[in-house]
Amino acid sequence: MQGMDDQLNKKVRVRVAPSPTGYPHIGTIYQALFDYSFAKKNSGTFFVRIEDTDRARFVADAEEKIYSALDWFGLTEEESPRKGGPFGPYRQSERLDIYNKYAKELVKKGGAYYCFCTKERLAALHEKQQKEKKPTMYDKFCRNLPKEEVEEKLKKGDSFVIRLKIPENEDIVVRDEIRGEIHFDSNLIEDTILLKADGYPTYHLASSVVDDHLMETTHVVRGEEWLPSLPKHIIAYNYFGWKKPLFYHTPILRNPDKSKLSKRQGHTSVSWYMEEGFLPNAILNYLALMAWSHPQGKEIFSLEEFISLVDLKDLKPVAPIFDLEKLKWMNGEYIRMMNDKGLMIKLKEFYKNDPGVLKVLNSQESDKILGLAQSRLRTLKDFKDLVIPAEAELSAPEKEVANSLKEKLEKITEWNKDSILIVMREVLSEKKTKGSILYKVFTGREKGLPLPETLEIFGKEKAINILSK
RNA sequence: GGCGCGUUCGUCUAGUGGCCUAGGACAUCACGUUCUCAACGUGAAUAUCAGGGGUUCGAAUCCCCUACGCGCUACCA
């Protein structure tokens, strides 16, 4: 507990550290939500570090997209490559000399060593280990190479990596603040690579140790998939003699089949949620619920409320299945909580490239239409089907209903929703049909915004026109 | 295979030794309202708390074992 007190005495600094290897992942937002909220609660700093050390998977505009995703959710960071800050640079590819320096320092301290093994040798080794059903891990071949031999190879310009020297025969005890103490047998931990042959660091050196230390991260919030490598990081911290941050491994989001949330089964891309008309606050609320529950059991709560209540140690260790249905329900709740103006802004933004819908939104009657639509939306995307009729062929009986309706509507002298409703009822009882058929006639769908109200808004002429088509 | 984490309704969960014959939410179904679809209201169904052993007067809650699920096991993060 000593460690915890120490950390709390320092200014809270938490980070989200995405890799620009694709479009922003909902999991990154999930992490950022806890980071951001915890930082705000403790008047700390939330910052972004871009982990672009994997050149093979690098995607050029991914970083830009990460920022716009963060902004969209209102989880804007204080320090980052785009904003700068006192601990920069915040892009790992610009910190290569730093990692290099610390890797070599670790070698000097005896906590790491040069390894000249070829990928071919490693591949053969793993194959052999697999055949023998032994753990596939590095056999420490270069761990005790004579100094002179190492010097010579380096001078010759041989390709090398630097590996972490894992102590032998030790019970490594690490602490995850959510789960408590965890024990690992050091003999089962690989002498992991810290610095790659291309001079780039791996996560184990750059992110988890050097950067988090140099950037004074106090609380590391990261996915559960990192738990197995925690002992490596702890060992490295110990070699350096650095004070460790507190570690929180958040439960991973899962697909309906329980595997790690993936593109194939779930929706992982932030842009998908944007395109489907989800509200950022609703998503955040839902995400918070995935690893945390409100002390009073509330399910709907604002970011502000979450910030005021959140404590990282209350996060749950159980990996939840991401339920899109519940998210949709929640999104609908958020839509219903908005005032007319707020909803209008969201809709105009969402449909900015859709002239058809935009025309409705910019019309005189838009407020009334929004009022009718609001309780019928689960996502912003639902709005279009409510206001833009579908192309549909009417059957013979449907045409008959349409004609009868037209005839009666034309006779109305006082055009309002009550008189329209009377006519609708007449038609329904004469033709002995359900109300849905009236909707089919007007909208091409068997459902829609309440007809008396919408027809009143449209006016007699327009209503008759629709039926004349 | 090895190591680690996890396990309460289909799903998200409440629950920290007696208030639990297990509560809430989503989804489902029914009813009410009704011009359709929603929204809203009421109600129903769904969990032998993974299984088995302990500890205890008493266990979903503590301990052990087993099973199952997931994660990791890369010069990815």
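Q: Which residues does Ile29 touch, leaving out those up to four places away in sequence?
A: Keep in mind that this is a predicted model. The general idea is that in soluble globular proteins, nonpolar side chains tend to be buried together. In this case, Ile29 touches Ala69, Phe73, Val270 and Leu287.

Q: Which residues have the most contacts inside the largest nonpolar core?
A: They are Ile29, Leu33, Tyr248, Ile283 and Leu287, in a core of 68 residues. Because domain 1 (1-84 + 251-337) and domain 2 (338-381) both give residues to this core, it lies between them. There is also a second, separate core of 22 residues, and Ala103, Leu164, Val209 and Val210 are among them.

Q: Which domains does the assignment give for chain A?
A: It gives domain 1 (1-84 + 251-337), domain 2 (338-381) and domain 3 (396-468). For a pair of domains, look at the contacts on each side: 11 residues of domain 1 are in contact with 11 residues of domain 2. The side of domain 1 that touches domain 2 has 5 nonpolar, 3 polar and 3 charged residues.

Q: Which residues come nearest to RNA strand B?
A: Of the 64 residues around RNA strand B, those are Glu51, Ala197, Gly435, Lys447 and Pro450. Next, ask which elements supply the surface: those giving two or more residues include helix H5 (119-131), strand S6 (180-185), helix H7 (203-214) and helix H18 (417-431). By class, the surface near RNA strand B has 28 nonpolar, 16 polar and 20 charged residues.

Q: Now the backbone. Where is Asn169, and is it buried or exposed?
A: Asn169 sits in the loop between strand S4 (161-164) and strand S5 (171-176). With 7 C-beta neighbours inside 10 Å, Asn169 counts as exposed. Asn169 has a positive phi of about 55 degrees although it is not a glycine.

Q: What is the phi of Glu216, and where does Glu216 lie?
A: For Glu216, phi is positive, about 55 degrees, and Glu216 is not a glycine either. Glu216 is found in the loop between H7 and strand S8 (219-223). Glu216 is partly exposed, as 16 other C-beta atoms lie within 10 Å.

Q: What about the peptide bond from Gly88 to Pro89?
A: For a peptide bond, read omega: here the bond is cis, with omega near -5 degrees. Pro89 has its place in the loop between helix H3 (62-73) and helix H4 (96-108).

Notes
Residues are numbered from 1 along each chain as its sequence is written. Chains are lettered from A and ligands numbered from 1 in the order in which they are written. This is a predicted model: local features need pLDDT of at least 70, side-chain atom pairs count only at pLDDT 80 or more; totals for chains, interfaces and linings use all residues. A residue is near a molecule or strand if its C-beta atom, placed from the backbone, lies within 6 Å of it. Helices (H or I, at least four residues) and strands (E, at least two) are DSSP runs, numbered from the N terminus. Ala, Val, Leu, Ile, Met, Phe, Trp, Tyr, Cys and Pro count as nonpolar, Asp, Glu, Lys and Arg as charged, and the others, Gly among them, as polar. A residue is buried if 20 or more other C-beta atoms lie within 10 Å of its own, exposed if 12 or fewer, and partly exposed in between; C-beta atoms are placed from the backbone. A nonpolar core is a set of buried Ala, Val, Leu, Ile, Met, Phe, Trp, Tyr and Cys residues joined through C-beta atoms within 7 Å. Domain bounds come from an automatic or database domain assignment. Two residues are in contact if their C-beta atoms, placed from the backbone, lie within 7 Å.
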